Amino acid sequence: MDSGLIHQGNPFPVTELKPRFNWLTCFEPEDHLDDMVQTIIALPGINQDAVFGAYSFKDDSTLRRLEKIGYTKTWRLDPVNDLGVTDTCANVETYQDVLSVELAVSIAGKKGLADILIVRHVIEHSYDLPRFIDAMKALTHPNGYIVWELPDCERALAAGDCTTIWEEHTYYFTSYTFHELLINAGFSFVHFESVPYPFENSLVAIVKFDKPLQEQAVKQQTVDRQVNLARSFVTSVMLRKVMVREKLQVLKENYGLIVLFGAGHLSVAFLSLMGVADLIDFVIDDNPNKRGMSMPIGNLRILGSESLYSHDVRVCLLSLNPSNQPKVIEKHIQFVSQGGRFASIFPGGDL
């Protein structure tokens, strides 16, 4: 029976996803973490003797917040010592690949079971959901809690936003599909919310494993809505592909050079899935590690933001997180005052 959960049918080999540079970074939304920490420490049975465990570097900022207010019994999986991962370029794609239930049991024996285990923005990278969830259970005290956080894809799917598709994400959860996954894994909910953000909401679930594992009855009508959401997403992306290309062709005819600001995975998805690399002249990014390199789509050069002025650019497409786009526009108000035009690549933006 279809669960309605959208996922890759044939995920990329893990070795192909492993970054080739150790300077690559990722940023997760954190404005809600102070509130999340307050919710955690108010849970029944949690005091300053509680042990807080964490899965990856994405959880460090949460642990620091806890330590700052006196919750100092913390640990986090160490890639080298716990997982045997010595490649400094390896990331969460490798961690999930090597972490078995047996290894998790061994790690818990060394570090101690967590009263609360924090797992932020990694389950969507998992290739084997049951194994990953069972490994998290093995790290957690039977009476403890697991704090899950992951991207809420519902808004992007409804809008037909192609940039939500990323080769590193195996699963694309909505509130319904993640809730059902955890219920069917034997968890009960203590807290569940979708935290609003300008670009992508964050699903936060705090659960306990306190009931026998059993398959829940499928709510077919709700599942059908999830399936229809996926189908309408595909239709919307295809329609948007035609519309975006037509708009860019008009802009190119009227204004000349078109550049893309931001050399990250959002830009890659836009160039690839919209099929518009031939209409873009170059990509702008002020990360010194990226400047001078080329994009994997269209072999487009990556230049610094000074090129907005030195190359007579009139149209600049913004592929940055929408919450950061106003900062770029403000920083380059001279570009606007000289007749330049910024346009967001995301649905609901200017393009």
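The buried residues of helix H10 (residues 265-274) have a cover that includes helix H9 (220-255), strand S9 and strand S12. Those buried residues of H10 are Leu266, Ser267, Ala269, Phe270, Leu271 and Met274; buried stands for under 20% relative accessible area, exposed for over 50% and partly exposed for values in between, with a 1.4 Å probe and protein chains only. Helices are DSSP runs of H or I with at least four residues, strands are runs of E with at least two, and both are numbered from the N terminus. After H10 comes Gly275, with a positive phi near 65°.

The model is predicted: local features need pLDDT of at least 70, side-chain atom pairs count only at pLDDT 80 or more, and totals for chains, interfaces and linings use all residues. Residues are numbered from 1 along each chain as its sequence is written, and side-chain values use heavy atoms, with hydrogens and water left out.

H10 is the helix of a right-handed β-α-β unit made with S9 and S10. Right-handed here describes a path from the first strand over the helix to the second that runs clockwise when the strands point away from the viewer.

S9 and S10 belong to an open sheet of 5 strands, ordered S11-S10-S9-S12-S13 and paired in parallel. Two strands pair if DSSP finds at least two bridges between them. The edges are strand S11 (302-303) and strand S13 (341-344), each of which pairs on one side only. Within strand S9 (residues 258-261), Ile258 and Leu260 point one way, Val259 and Phe261 point the other way, and all are buried.

| Strands | Bridges | Residue pair |
|---|---|---|
| S9 and S12 (residues 315-318) | 4 bridges | Ile258 and Val315 |
| S9 and S10 (residues 282-284) | 3 bridges | Leu260 and Val283 |
| S12 and S13 | 4 bridges | Leu317 and Ala343 |
| S2 (residues 52-54) and S3 | 3 bridges | Ala54 and Arg76 |

Another open sheet has 6 strands in the order S3-S2-S4-S5-S8-S7, with mixed pairing. Strand S3 (74-76) and strand S7 (188-195) are its edge strands, each pairing on one side only. On average, neighbouring strands of this sheet are turned by 15° against each other, direction ignored. Axes are lines fitted to C-alpha atoms, for helices over the stretch in contact, and angles run from 0 to 180 degrees between N-to-C directions.

Helix H2 (residues 33-41) packs on this sheet and touches S2, strand S4 (114-120), strand S5 (140-151), S7 and strand S8 (202-208). The direction of H2 makes about 160° with that of S5. Contact means heavy atoms within 4.5 Å.

H2 also meets helix H3 (residues 60-68): their axes come within 10 Å and cross at roughly 60°. H2 is therefore oblique to H3; angles under 35 degrees count as roughly parallel, over 145 as roughly antiparallel, 65 to 115 as roughly perpendicular and the rest as oblique. The crossing of H2 past H3 is right-handed, the term for a near helix turned clockwise from the far one by less than a right angle. Leu33, Asp34, Met36, Val37 and Ile41 of H2 meet Ser61, Thr62, Arg65 and Leu66 of H3.

Thr94 lies in helix H4 (residues 92-98). Thr94 counts as buried because its relative accessibility is 13%. Beyond its neighbours within four places in sequence, Thr94 is in contact with Val14, Lys18 and Val85.
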